[in-house]
Amino acid sequence: MSAAAHRRPSARFAVIRVLAVLSVILGSNYVVWRWLASINWEAWWIAVPLVLAETYSLIDTFFFCLTMWRARERPLPVSAPQGTADVFITTYNEPLELVMTTARAAQRIAYPHETWILDDGARPELRAAAAEAGIGYITRSDDWVGKPRHAKAGNLNGALFETDGEFLLILDADQVPDPLILHRTLGYFADDPTVALVQTPQFFTNVDEADPLGAQAPLFYGPIQQGKDGWNAAFFCGSNAVLRREALMQLGIIGYVREVTDSTRRALRTAEQLIARESKTTEDAALRGELTDLLGHIRDARRDIAGGHPIADATYRVREAVESASRSVVSRDLAAIQSDLDVIAELPLQRDSELGVLVVDDAGLDRLAAADLSPLGAIEAVAALLSALNIDRADEAQPIQPIATISVTEDMATAMQLHSLGWSSVYHHELLAHGLAPEDLRTMLTQRLRWAQGTLQVMLRDNPLVKRGLSFGQRIMYFATMWSYLSGFAAVIYLVAPVLYLVAGVLPVSAWSVDFFARFLPYFLVNQLLFLVVGRGMRTWRGQQYSLALFPVWIQACWSAAMNVWFARPLTFAVTKKDGRDDRGVPWGRIWPQLTAIVLLAVALVIGLSRLAVGTADGTGTLVNTAWVLYDLVVLSVIVQAARYRGPAATLTSNSEGRP
């Protein structure tokens with residue numbers, strides 16, 4: 001992982017490509033055969049879910065192979081580091097000394113810069129400590145009172161408007177930087193003016209060799225990010241990354257313009273429907289003339305906006321026409337307006353309390369367009385629609401958000417937005433900071449749930465497969481990460497199927513035939529060999545265990561993300577605990593599904609072997625499912641290890657002498 005190792009081992013890379021091709025071919029051969037010739041339709045209720053789970057796994061294999069196809073180890077940048085830099089240390093409620101350890105290390109970064117503590121907890125004692133150390137301190141201003149805060153994303157967005165460095169090094173409160181971190185990364189921005197992001201690995205010093213909580217992620221902060229980098233899709237991971245301010249500000253401005261444009265188009269469409277209906281039904285010739293004139297201005301505004309004219313200019317003429325029409329008809333229709341007030345009060349445009357963006361309820365707009373309003377009520381509804389759009393009043397709602405706020409994991413969402421605008425990213429594979437990982441199972445589960453929820457929020461709100469501006473490779477790379485969090489449903493099937501066979505003899509395949517083994521075993525073995533070659537010298541077993549063992553977390557994340565996106569049920573942003581172990585003990589209530597699965601698998605194993613002993617079970621089927629159950633038990637055992645784990649006390653040290 002040293003900087004000297006930025007050369008691609010061509011022979012190994014060729015082997016990876018060969019194994020990737022074989023994995024896809026053999027996997028496709030196996031799954032196609034499973035669909036066409038091996039489903040036991042007499043037990044379709046488990047046979048079909050099992051083949052669906054296997055199909056899911058094949059797609060996952062395809063995504064992994066595609067990721068590794070273009071894996072790259074970048075050479076060091078050619079250009080010398082240049083440009084002004086700010087170092088942002090984000091914090092909310094982490095211990096003061098932990099934050100100050102990181103901040104003092106950031107002060108010692110060799111490249112000229114300004115260090116800022118971004119304290120979303122607004123703690124006077126931290127402000128005083130920062131002042132004493134000569135470190136900048138930023139917290140939210142009073143302008144944020146009563147407005148969406150967006151957790152870490154809002155904290156960063158607030159600081160962006162109070163600083164002016166061309167580049168931003170973002171660090172979590174526990175991530176102590178190497179003094180040369182900016183020297184090693186800033187050159188990429190000079191080499192390529194389209195680079196918006198340079199991400200470096202995250203590494204944790206409070207993790208022992210066993211790593212029962214799976215904190216280290218060597219496969220992700222290595223081959224996977226290098227593979228995504230080959231497709232220009234390496235993404236922001238929230239910390240240990242340098243970003244270009246120009247790119248972020250462009251992202252914020254374009255996002256605001258798109259939001260207002262989209263909302264204005266839909267509001268004007270509804271306004272046109274309202275006024276067109278009223279102009280046709282009114283019998284008052286003078287009133288009809290006023291409404292027809294207003295309708296013309298609305299249509300002109302829609303046409304101007306479609307043609308790229310400024311929204312404020314286009315809607316200004318509509319506002320004037322609304323005021324003129326309102327004054328003209330108020331004396332005629334004053335009594336009728338009272339019955340329309342309730343309809344207008346429920347205007348289907350509002351600021352989302354979580355996202356802080358304008359939410360346009362299309363169904364509500366349709367209901368408003370069909371409402372039986374008086375002429376004056378229709379005019380006032382149009383006026384209210386224009387007012388709700390908040391055009392020319394960006395400072396009141398602070399809608400310009402450079403760091404994406406559509407998800408509780410703002411990092412991936414921001415990177416995807418940057419890529420969609422044509423910016424590029426770099427993954428620099430060198431340890432340039434070290435921090436603290438969760439030290440107990442409860443904290444780890446909370447962290448993983450937040451990651452999964454945020455990733456799935458992005459998939460549901462801004463699916464990369466249909467997002468404008470992304471290349472084919474970027475679409476697949478982002479979607480592959482999101483796809484991985486759907487594995488909880490497949491995991492349930494993989495746990496249930498062998499239990500059903502061993503206990504009740506329910507066979508999901510037509511037979512444990514030579515055809516089955518001739519197709520499955522080559523696919524399985526080549527797939528495992530691919531992982532071994534890709535992860536050479538890395539401890540990847542923990543990651544493989546947790547991909548299955550955390551199935552309840554992944555399922556919960558799918559449910560809560562869907563409820564949030566489709567029904568506006570809020571998600572809670574939980575800050576990862578960084579001051580030692582959680583003292584509430586083992587979270588038995590959160591791991592009961594895994595413990596239940598372990599018990600059922602063990603019981604099924606005993607029953608299956610007993611049935612074989614008395615001659616009521618097939619030997620081959622029992623052997624296959626016994627091996628399957630044993631594998632599942634070994635994988636799930638990590639939860640028991642994690643529940644019992646009591647690691648070393650968390651300590652954060654500053655390394656001012658060189659790289660960790």
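1. A cavity here is a set of grid points where a 1.4 Å probe fits but cannot get out. Keep in mind that this is a predicted model. With that rule, the second largest cavity comes out at about 30 Å³, and the count is 2 cavities of 30 Å³ or more.

2. Staying with the second largest cavity: its lining is A196, L197, A415, L418, H419, W423, S424 and S425. The elements that put in two or more residues are β6 (195-199), α16 (410-420) and β10 (424-427). Helix α16 gives the largest share, 3 residues. By type, the lining splits into 5 nonpolar, 3 polar and no charged residues.

3. Now the largest cavity, at about 50 Å³. Its lining includes N206, V207, D211 and P212, along with P438 and Y645.

4. On to the rings. There are 22 aromatic pairs. One of them, F62 with F63, is tilted, with 6.0 Å centre to centre and 50 degrees between the planes. F62 is partly exposed because its relative accessibility is 36%, while F63, at 7%, counts as buried.

5. F220 and Y221 have ring centres 4.9 Å apart and planes at 80 degrees, so this pair is edge-to-face. F220 is partly exposed at 23% relative accessibility; Y221 is buried at 11%.

6. Have a look at the cluster linked by ring pairs, too: Y30, W33, Y501, W512, F516, F517, F520, Y523 and F524.

7. Finally, two arginines over rings. R70 sits over the face of W231, 4.4 Å from the ring centre, and R448 lies over the face of Y546, at 5.6 Å.

Technical notes
Residues numbered from 1 in each chain as written. Predicted model: local features only at pLDDT ≥ 70, side-chain atom pairs only at ≥ 80, totals over all residues. Heavy atoms only, no water. 1 Å grid on protein atoms, 1.4 Å probe; cavity = no way out; pocket = protein on both sides within 12 Å on 5 of 7 lines; lining within 4 Å. Points joined across faces, edges and corners; volume = space filled by probe spheres on them. Helix = DSSP H or I, 4+ residues; strand = E, 2+ residues; numbered from the N terminus. Nonpolar A, V, L, I, M, F, W, Y, C, P; charged D, E, K, R; others polar. Phe/Tyr/Trp six-rings, centres within 6.5 Å; stacked < 30°, edge-to-face > 60°. Buried < 20%, exposed > 50% of the residue type's maximum accessible area, 1.4 Å probe, protein only. Lys NZ or Arg CZ within 6 Å of the ring centre and 35° of its normal.
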